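The points may be read with the coordinates open alongside.

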Amino acid sequence: PKRPLSWSFQFWPVLICSFVVALAATWLCKKIALKLGIVDKPDAFVKTHKEPVAYLGGVGILAGLTVGILAGIVLLKDFETFDKSLKWLLGILAGAGIACFVGLVDDILDIRPWQKFLGQIIAAIALLIVGILPSLHYSFGYLKITLSPEIEFALGVPIVVFFVLGATNSLNLLDGLDGLCGGVTAIITIALLLLSIHRATWGFSEVGDPVRIIVCLGLVGGVLGFLPFNRHPAKIFMGDTGSMLLGFSIAALMMLFAE
């Protein structure tokens with residue numbers, strides 16, 4: 001190993017900040033949603049809850065993730081690779097904000113599927129703009145496959161878009177039971193966090209290692225701050241606002257692992 005395991009522990013404030021902010025923001029979002037009438041009404045068929053339940057839970061998660069990533073940026077200020085790490089983190093945060101906004105519009109106005117797909121593609125473009133693309137260089141024994149930057153970019157674009165659309169809509173469809181989507185996302189992200197820490201001890205990537213850990217901690221903290229309000233019977237739903245945010249974040253992590 002290139003680094004001791006303790007190297008990863010320096011990022012623990014990201015988890016604390018994201019959890020505390022998400023907890024407070026979700027409580028506030030519940031109050032605002034009920035006051036403005038942004039609620040999910042029961043229909044005795046699919047929506048079997050007894051009373052209207054507040055939406056906007058995804059906004060609380062985004063608040064936690066945002067503060068967590070900002071805390072991570074502060075912790076990275078003395079790193080030699082700060083400029084590139086900053087660009088990647090801001091790109092992920094921008095894409096997450098776009099995905100969350102599209103979900104929020106859908107929760108309030110019930111937009112058409114093609115409009116949601118378009119919004120998700122725009123979120124994926126945020127990753128492409130900051131250079132988060134899968135690496136397509138491979139070695140098989142003596143056989144090495146090396147592509148030109150232009151070809152690698154052309155092949156990487158549909159891969160990024162595919163992962164963003166796939167993960168975003170998968171988690172959107174998963175959001176059907178209290179705590180299910182958030183709980184599954186927490187499990188996935190904790191597993192990715194452990195893998196990120198393992199790879200970081202081997203110095204896999206000077207830029208990617210801290211960015212992966214920060215995004216994982218920020219996302220876990222944001223989800224854990226939301227879940228106390230979403231356990232059965234739920235006091236607030238994440239709605240498409242949250243499920244699209246979580247799906248995009250998982251897709252962004254997948255691209256970080258493929259860089």
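1. The structure under review is a predicted model. The remarks that follow should be read with that in mind.

2. Salt bridges overall. Across the whole structure, the search finds seven salt bridges. A network of salt bridges links Lys 2, Arg 3, Glu 206, Asp 209, Arg 212 and Glu 259. As background, side chains of opposite charge can pair when their charged atoms come close.

3. The contact between Lys 2 and Glu 206. These two residues form a salt bridge in which the closest N and O atoms are 2.9 Å apart. Lys 2 is exposed because its relative accessibility is 55%, a value over the 50% cut-off. Glu 206 is partly exposed, with a relative accessible area of 39%.

4. The contacts of Arg 3. Which residue forms a salt bridge with Arg 3 at a closest N and O separation of 3.4 Å? That partner is Glu 206. This pair, too, links distant parts of the chain: Arg 3 is in the segment before helix 1, Glu 206 is in the loop between helix 6 and helix 7, and they are 203 residues apart. Arg 3 also meets Asp 209 in a salt bridge, at 2.9 Å from N to O. Here the segment before helix 1 is linked to helix 7, where Asp 209 lies, across 206 residues. Both Arg 3 and Asp 209 are buried. For Arg 3 the relative accessible area is 11%, and the residue is therefore classed as buried, the cut-off being under 20%.

5. A nonpolar surface patch. Trp 12, Ile 16, Phe 19, Val 20, Leu 23 and Leu 224 make up a nonpolar patch on the surface, and together they have about 530 Å² of accessible area. The element that gives the most to this patch is helix 1 (residues 12-36), with five residues. Val 20, one of the patch residues, is found in helix 1 and is partly exposed, at a relative accessible area of 48%.

6. Packing of helix 5 and helix 8. How are helix 5 and helix 8 oriented to each other? Helix 5 (residues 149-174) packs against helix 8 (residues 239-257) at an angle of about 140°, and the axes are 7 Å apart. The two helices are therefore oblique to each other, because angles count as roughly antiparallel only over 145 degrees. Their crossing is right-handed.

7. A cis peptide bond. The bond from His 232 to Pro 233 is cis, and omega is near -5°. Pro 233 lies in the loop between helix 7 (208-230) and helix 8.

8. Positive phi angles. Leu 56, a residue other than glycine, has a positive phi near 75°. Leu 56 is located in the loop between strand 2 (53-54) and helix 2 (57-75), and it is buried at 8% relative accessibility. Asp 110, likewise not a glycine, has a positive phi of about 55°. Is Asp 110 buried or exposed? At 63% relative accessibility, Asp 110 counts as exposed; its place is the loop between helix 3 (82-109) and helix 4 (113-129).

9. Gln 120 and Phe 248 are 128 residues apart along the chain, yet their C-alpha atoms are separated by 8.1 Å. Gln 120 belongs to helix 4 and is buried, with 2% relative accessibility. For Ser 135 and Ala 63, the separation is 72 residues in sequence and 31 Å in space, from C-alpha to C-alpha. Ser 135 is in the loop between helix 4 and strand 3 (138-140). At 27% relative accessibility, Ser 135 is partly exposed.

Notes
Residues numbered from 1 in each chain as written. Predicted model: local features only at pLDDT ≥ 70, side-chain atom pairs only at ≥ 80, totals over all residues. Heavy atoms only, no water. Patch = residues over 30% accessible without salt bridge, like charges linked within 9 Å, V, L, I, M, F, W, Y side chains within 5 Å. Areas by Shrake-Rupley, 256 points an atom, 1.4 Å probe, with all protein chains shown as cover. Salt bridge = Lys/Arg side-chain N within 4 Å of Asp/Glu carboxyl O. Helix = DSSP H or I, 4+ residues; strand = E, 2+ residues; numbered from the N terminus. Buried < 20%, exposed > 50% of the residue type's maximum accessible area, 1.4 Å probe, protein only. Axes fitted to C-alpha atoms, helices over the stretch in contact; angles between N-to-C directions. Parallel < 35°, antiparallel > 145°, perpendicular 65-115°, else oblique. Left-handed = near helix turned anticlockwise from the far one by under 90°.
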